[in-house]
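Here is a short briefing on a protein model. Look at the sequence and the structure first, then read the points below.

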Amino acid sequence: MITLIPPRGIWPLNICQEWKSNIRMKQYIVTGMSCAACQARVEKAVSALPGVSGVSVSLLTNSMGVEGDVSPAEVIRAVEKAGYGATEKGTPHEQEAGENAFGFEAEKDALKDRETPRLRRRLILSAGFLLILMYVTMGHNMLGWPVPPFLVHNHLGLALTQALLSAAVMIINAPFFRSGFKSLIHRAPNMDTLVALGSSVSFGWSVFVFYQMTAMITQGADNASLMEIYHNQLYFESAAMIPALITVGKMLEAMSKGRTTSALKSLLSLAPRTATLLRDGQEVRVPAAEVRVGDVFVVRPGESVPVDGVVTDGSSAVNEAALTGESIPADKGVGDTVSAATINQSGFLTCRATRVGEDTTLSQIVRLVSDAAATKAPIARIADRVSGVFVPAVIGIALLVTLGWLLAGRELGFSLARGISVLVISCPCALGLATPVAIMVGNGMGAKRGILFKTGESLETAGQIDIVALDKTGTITAGEPRVTDIVPASGLTEEELLRRAGSLENQSEHPLARAVVAEAERRGVALSGAEDFQILSGSGLTGRIGKAVLHGGSEKYISSLTAIPADMQRAGGELSGQGKTPLYFEEDGRLIGMIAVADTIKADSAPAIAQLKDLGIRVVMLTGDNERTARAIAAQAGVDEVAAGTMPQDKQRVVKSLKELGRVAMVGDGINDAPALTEADAGVAIGAGTDVAIDSADIVLMNSALSDVARAVRLSRAVKRNIHENLFWAFFYNLICIPLAAGLFGLYMSPMIGAAAMSLSSFTVCMNALRLNLFKPEDIRRDRPRRGAKRVDPQALKDAVLKSVTPAACPRDEKTVVLRVDGMMCEHCEATVKRALEALPFVTRAGASHEKGEAWVVLSGEMDLQAVKSAIEDEDYTFQGLAN
């Protein structure tokens, strides 16, 4: 599988839209589903269509995702043929429903709670008739409460009253019967079928008994006989109570399901409605839907940013907590990016729109969470397989129970009551909801914290990871060199050395030079201009500041101009051993000091890696740096193993080798690490929330905090525990309650009690999933290895890394040429030489080592030595020919 990832920040809008439309599944809203059997039926119907490569139906959000080459009309016809309804999300009539620039009307429509109000009305009406019915059946018959005189001792009249009242309740709850019998006709019985059969059989048997009573009266039966039949064989109250109690359960379930989607609803509510554009120098307030790429808009303090853009004027602190979960506002100035739905807290900003509508960061997050809700975790397949045969099996069991009791010599009324109890107590809904409710809550919790799981499978996989492979640059380290040590010569202060060195380096664009200048600016050291400035290819820098002539560069270069004291050489050696690059400076023949520069690790990297190890996860660092630099960074970060000298294409091989030891997560920036992210069991893009990495990894961390990887693991494990609890309850409930309802334990359950138990089972599953909202992924107190996890042997880990890395240093099994290059001082120099050489048409791969002063190239054709020389020297390094 090949993942195409455009470079950071250059994703043309038309390409973006076309590419994303090709890779994202088509979403549909499905109506008429009531349980897991319905869900399975819809999936089966759509999966059978030619061209469909994947289908995932969510009972929780009433949505369906379809992948493959199939038209929406065919999908909708297949769903309707199965007995349900479907509409495509984002159809024109939906888009015209509102003026939301972000295209969220379909998502809002799908998540809108229509069920609870409808079920509440049905319940209120049912309760009115049911109270009268229960007054007659229990209040009068059992407690002697008064009834109208014409019903006193009138058993036939009382029976007719019960029949009329129960019929009213059944009519009010007619949707159960329509759905149940319709699905039965389509040979796909669902939960509504069980309810409809249970209630209808109770009512039908009671009507039969009623006619028996009328026949007995015509035959002159005494009042005692009628009373015996009236009290023991009429089930009108069960016929009414079953749909009424199921309605109670359905309403509680709908309310709790609504709460599980609250995180996604809160994301949808963030979408700004209006924007203030600058047109002809005037401020014009327009709907956010009218903002186009290139428009200039302003954001005042307290206002939300309407679309993604770049700051062209002003500075401010912007609260990005809604998107990243980071509570500390981010400082924004000219050239910085801002995202839709973030809040400007202080200054006045003028921005240019870069992404609008469905291309904004907010839109991509909403799509990601919505798509994740429409996918299944692998663990859900267990429930799906059971749900597919559950309802037919229950109907079969109910028939067998009824026949069994008849053969045992019990009367028909008693036998029917046992069969009806089996029908109404069985609950496929609990099985169907066990996984999706937990997945939805977990996804919502992750989204609030800037942790985005692309699919339900990625949410499940994250907690099963045995090894985490971390890209060094930008993940463990800050990704840009910074000054770490300043060692002035005797008689000088750090500020004096920094002023002179910074003034010399100020005219250079080299990353190490920019680090020195940035440190001077941070300390408020005033810099002066250098005259006669020169970059000496392969050596260093020179320039005149005032009357003094300064040189800067490597130890080798500066030692050719002046003597370097032994203590300064020792300090430089120690710093080099720590993975830092020492820069020496000389003025008029005298050494004035040394400044060490390095790509420093982030403040949270070491604690985050320690947290991963506490969770029982081995950590491997992947880097293109040389072995010594890599080992120095690894020691500071605390990783278990290092794969040094790896190029982007080699990282995939490392991950593949590590997968032989266990499940592997690859953490990178989602751009250079695409092959490795794709190869890993879970690809994690870190700190790339506003870039295309959101479409390239399984998990996207909106912040640049490595600690979010550990949070994702904890959240995944909590969700899976919750799913296990839900599945256990669903299976245990049915395993115990079906035999109980059948009367196998000597207890004879009323069908009404069975209906009440069925109602509570789904509600219990939903409420248990909502407990996840109390879980705190930041809490490290309970960190421990996963139970049953594969313990990765340290030596096996080292062997796997060595096996995959060793051939990458300088391949000898291909047409390889080693070059001598002078002037490289750090890994940034290595990267520059490598990039220059790989741009040559006859070079397939290249690498460099500043310590050895060498570069190597793997050739695809005849080498042009002059082109090689030009490529190296154009980058201000010296080509010294082929290595011997």
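In helix α32, the buried residues are E827, H828, C829, E830, T832, V833, K834, A836 and L837. Buried means under 20% relative accessible area, exposed over 50%, and partly exposed in between (1.4 Å probe, protein chains only). This is a predicted model: local features need pLDDT of at least 70, side-chain atom pairs count only at pLDDT 80 or more, and totals for chains, interfaces and linings use all residues. Residues are numbered from 1 along each chain as its sequence is written, and side-chain values use heavy atoms, with hydrogens and water left out.

**Helix α32**
- Helices (H or I, at least four residues) and strands (E, at least two) are DSSP runs, numbered from the N terminus.
- Because 9 of its 12 residues are buried, α32 is largely enclosed by the rest of the structure.

**Cysteines**
- C829 counts as buried because its relative accessibility is 1%.
- C737 also counts as buried, at 14% relative accessibility.
- The structure holds 0 disulfides (pairs of cysteine sulfur atoms within 2.5 Å).

**A sheet of 3 strands**
- The order in this open sheet is β10-β9-β12, with antiparallel pairing.
- β10 (330–332) and β12 (343–344) are the edge strands, each pairing on one side only.
- Strand β9 (residues 316–319) pairs with β12 over 2 bridges; two strands pair if DSSP finds at least two bridges between them.
- N319 has I343 in β12 as its bridge partner.
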